[in-house]
Amino acid sequence: MIIGYIGGIFIAKMEGVQIEFGYQLTPQGPNRVVVVLEILKVILLVSKTVCIVKLVSFLLDILENNHQKLSEELNQRETSLIQNDRIVTLGSLASNVAHEIKNPLAGIKSMVSYLLSEEKNYLSNVEPLWYEKEKRILWKHRTKKEKREEMDMILQLFPFLERKDLFYFADRCIELGIDYRSFEEISSDDKDAWHFIFLWLKYKTMENANLLIANAIDRTEKVISTFQQFSKPFNSKEKEYVRIGEGVRDILILYNQYWEMNRILITEIDDQLKTYVNESAMKLVWSHLIFNSIQATQSKTGEIKVIVKMNDANSIEIRVIDNGVGIPKDLHKNIFQPFFTTKEKGEGIGLGLSICKSIVTEQGGSISFRSEPGKSEFIVTLPIIEKNPENEV
C-alpha cells in the first residue's frame, strides 16, 4: 500500500504536479500534492486496517471460544441424555423383571408358610400341649469346636436310637442350637415321647427354613425396589419425608458381596433422622459415593466407613470415608466438573460426582470432600425440613 502511494506521487510528479515537502500544510489542489498530508493519510489508513484486523481477530477468537463451549455443552448434554436414558432403561427393565420375579417369590413365600402351618397343625393334633413342652427345652450356642465335640457326645449318649434317627437327632440338636440335656431323662422305652421329639424337630427345622426363606425373599424384593427407583431421579421431582439412614442401608445391601468377601464396612447410622427429599435421587447419590469408595480401595485391605448423624448446625450429615489412594491436591478443583475422572480408562466417564452435586444442590443440600494419601471423605449435608414447603402460605 505504501509503495502504491509512493508510485502514485512519482507518476504525479512526472505529469507536472507540484510536490510540496515543507512542514507547513498548504491546501492541495489538482496541480499540488502535499507529501505530509499524504503521509498522514497513509498512517490513518494503516491504523484503520490494523484496527479492523484486530477486531476481526478478536471476533474470530470469540467465535472459536463460543464454538468450543457450545461443543462441550452439547457433548455434556448428549452424555447426560445417554446416562439418563441408561438409567431410565435400567428402571424399565427392573420394573419388568420385578413383575416377573415378585409373583413367583410371593408364591414361594406363601407356599412355605402354608407348609409350616400344616406341619404345626399336625404337631398340635399329635400333642395338643406341645407348646408347653417346648418351654422346657434348653437352648445353647456352640462354637465350631464345641459342635464337633458335642456331636460325638450325643452319638454316645443315645445309642438306643436307630442309626439314621440318631444321626438326624444329633444333627438337628447341633444346627438348631438345642441342648441335648433336654432329652436325657426320656427313656428308650418311651416311644410316644421320642415320636413327638422327632415331629417337633422336623417342625423347628421347617420353622427355621421358613424364616430364612422369608428373609431372603424380603431382601430380594428390597433390592429390586431399589433398582426400580433408579429410573426416577431424572423424570420425577416428587419429594417425600424419608429416613435417610434407611436409604443408605438399601444401597449398602446392593454392594453386599464386597463386604462379605474382601472389604471391611463400618457403619454409624442414626435411623431416626428424616427430611423432605426425592428419595430415589438421593439413593443414586449414595450409590455413586459408596461405589467410588469401593473402586478406590484395595480388595484385601479396603475399609469403608459410612456415617449418618446430626451435625452441630442441626443438619443431617452423611459421610462416606475410605482408606483408598486419595485424590491428588492439584485435581481437587476439578473433581465435580463433568467428564473429569481419576479412574482408569473404561472405568468411568466422569459424570458421577457431577450428577451427585446437581442432585444434592436441588435438594437444598451441599456436598464437599477432603482427601489425602490413604484417606478420602465425602460429606453430604441435608437440611432438616419439618414441613412441606409447597403447603406453606
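## Basis of the description

Two strands are taken to pair if DSSP finds at least two bridges between them. Helices (H or I, at least four residues) and strands (E, at least two) are DSSP runs, numbered from the N terminus. In that sense, strand β7 and strand β9 (residues 375-382) pair in an antiparallel manner over seven bridges.

The model is predicted, so local features need pLDDT of at least 70 and side-chain atom pairs count only at pLDDT 80 or more, whereas totals for chains, interfaces and linings use all residues. Residues are numbered from 1 along each chain as its sequence is written, and side-chain values use heavy atoms, with hydrogens and water left out.

Seven of the seven residues of strand β7 (residues 316-322) are buried, so the strand is largely enclosed by the rest of the structure. Buried means under 20% relative accessible area, exposed over 50%, and partly exposed in between (1.4 Å probe, protein chains only). In a regular strand, side chains alternate between the two faces of the sheet. Both faces of β7 are covered: Ile316, Ile318, Val320 and Asp322 are buried on one side, and Glu317, Arg319 and Ile321 on the other.

Strand β6 (residues 303-310) runs antiparallel to β7, and seven bridges join the two. Lys305 has Ile321 in β7 as its bridge partner. Towards β9, Ile316 has Leu382 as its bridge partner, and Glu317 stands opposite Thr381.

## The β6-β7 hairpin

The hairpin of β6 and β7 has five residues between the strands, and Asn314 takes a positive phi near 60 degrees there. Asn314 is found in the loop between β6 and β7 and is exposed, with a relative accessible area of 56%. Asn314 and Pro383 are 69 residues apart in sequence, and their C-alpha atoms are 7.8 Å apart in space.

## Packing of helices α4 and α5

Helix α4 (residues 144-157) and helix α5 (residues 163-176) pack at an angle of about 145 degrees, and their axes are 9 Å apart. On the α4 side, Lys147, Glu150, Met151, Ile154 and Leu155 take part; they meet Leu166, Phe167, Phe169, Ala170, Asp171, Cys173 and Ile174 in α5. The residues of this contact divide into nine nonpolar, no polar and three charged. Here Ala, Val, Leu, Ile, Met, Phe, Trp, Tyr, Cys and Pro count as nonpolar, Asp, Glu, Lys and Arg as charged, and the others, Gly among them, as polar.

Arg172 also lies in helix α5 and is buried, with a relative accessible area of 14%. Leaving aside neighbours within four places in sequence, Arg172 is in contact with Gly177, Ile178, Leu201 and Thr205.

## Aromatic pairs

The structure holds 16 aromatic pairs. Rings of Phe, Tyr and Trp (its six-membered ring) pair if their centres lie within 6.5 Å; planes under 30 degrees apart count as stacked, over 60 as edge-to-face and the rest as tilted. The rings of Phe158 and Trp194 have their centres 5.8 Å apart and their planes at 75 degrees, so this pair is edge-to-face. Phe158 lies in the loop between α4 and α5 and Trp194 in helix α6 (residues 191-229), so the pair ties together parts that are 36 residues apart in sequence. Phe158 counts as buried at 2% relative accessibility, as does Trp194 at 5%.

The rings of Tyr241 and Tyr276 have their centres 5.0 Å apart and their planes at 50 degrees, so this pair is tilted. The pair links distant parts of the chain, with Tyr241 in strand β3 (residues 240-243) and Tyr276 in strand β5 (residues 274-277), 35 residues apart. Tyr241 counts as partly exposed at 34% relative accessibility, whereas Tyr276 counts as buried at 7%. One aromatic cluster is formed by Phe158, Phe160, Tyr168, Phe169, Phe183, Trp194 and Phe198.

Technical notes: Axes fitted to C-alpha atoms, helices over the stretch in contact; angles between N-to-C directions. Contact = heavy atoms within 4.5 Å.
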